[in-house]
Amino acid sequence: MKTLLLAALFCFAGNPTGDNTTVYISTGSSAYAYHAKKTCSALKRCLEEGHVKAISLEKAKNMGRKPCKKCY
């Protein structure tokens, strides 16, 4: 019975890594990617300069951002 309840819960819970996931972007004018981790090496200089912002994956996609080649 517990197994059945857990299975039902996962079916109706939705995608745990869906578009509500937090990603990180650089606010620079030439930035084009979103990052899974704030510590991604591609964000190192932007992080030092304070140009990194946390947003939802859905918003990043709507902005036309693509996944980072290093952390995705």
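User: How many helices and strands are there in the protein chain?

Analyst: In this predicted model, the protein chain has three helices and four strands. Read from the N terminus, the order is α-β-β-α-β-α-β.

User: Which residues form the largest nonpolar core?

Analyst: There are six: Val23, Ile25, Tyr34, Ile55, Leu57 and Ala60. Strand E1 and helix H3 each give two or more of them.

User: Why is this set called a nonpolar core?

Analyst: The name calls for buried residues of listed kinds, joined through side-chain atoms within 4.5 Å. Val, Ile, Tyr, Leu and Ala are on that list. Buried means under 20% relative accessible area. As a general point, nonpolar side chains tend to be buried together in soluble globular proteins.

User: What does Ile25 touch beyond its neighbours within four places in sequence?

Analyst: Ile25 is in contact with Ala33, Tyr34, Leu43, His51, Val52, Lys53, Ile55, Met63 and Arg65.

User: How much of the chain is buried?

Analyst: Buried residues make up 22% of the 72 residues. The accessible surface comes to about 5,700 Å². Carbon and sulfur atoms hold 57% of that surface.

User: Why is Lys38 called partly exposed?

Analyst: Its relative accessible area is 43%. Buried is under 20% and exposed is over 50%. The value for Lys38 falls in between, so Lys38 is partly exposed.

User: Where is Lys38, and what does it touch?

Analyst: Lys38 sits in the loop between E2 and H2. Setting aside residues up to four places away in sequence, Lys38 touches Tyr24, Leu43, Leu47 and Val52. Lys38 and Lys53 are 15 residues apart in sequence, with their C-alpha atoms 8.9 Å apart.

User: Which residues lie nearest the centre of the largest pocket?

Analyst: They are Ser26, Ser30, Ala31, Ala42 and Cys46, out of 17 lining residues. The pocket has a volume of about 350 Å³. H2 supplies the largest share of the lining, three residues.

User: What classes of residue make up the lining of the largest pocket?

Analyst: The lining has eight nonpolar, five polar and four charged residues. Ala and Cys count as nonpolar, so Ala31, Ala42 and Cys46 fall in that class.

Conventions
Residues are numbered from 1 along each chain as its sequence is written. This is a predicted model: local features need pLDDT of at least 70, side-chain atom pairs count only at pLDDT 80 or more; totals for chains, interfaces and linings use all residues. Side-chain values use heavy atoms; hydrogens and water are left out. Buried means under 20% relative accessible area, exposed over 50%, partly exposed in between (1.4 Å probe, protein chains only). Contact means heavy atoms within 4.5 Å. Accessible areas come from the Shrake-Rupley method with a 1.4 Å probe; for residues, only the protein chains shown count as cover. On a 1 Å grid over the protein atoms alone, a cavity is a set of points where a 1.4 Å probe fits but cannot get out, and a pocket is an open set with protein on both sides within 12 Å along at least five of seven lines; lining residues have an atom within 4 Å of a point. Grid points are joined across faces, edges and corners, and a volume is the space filled by probe spheres set on the points.
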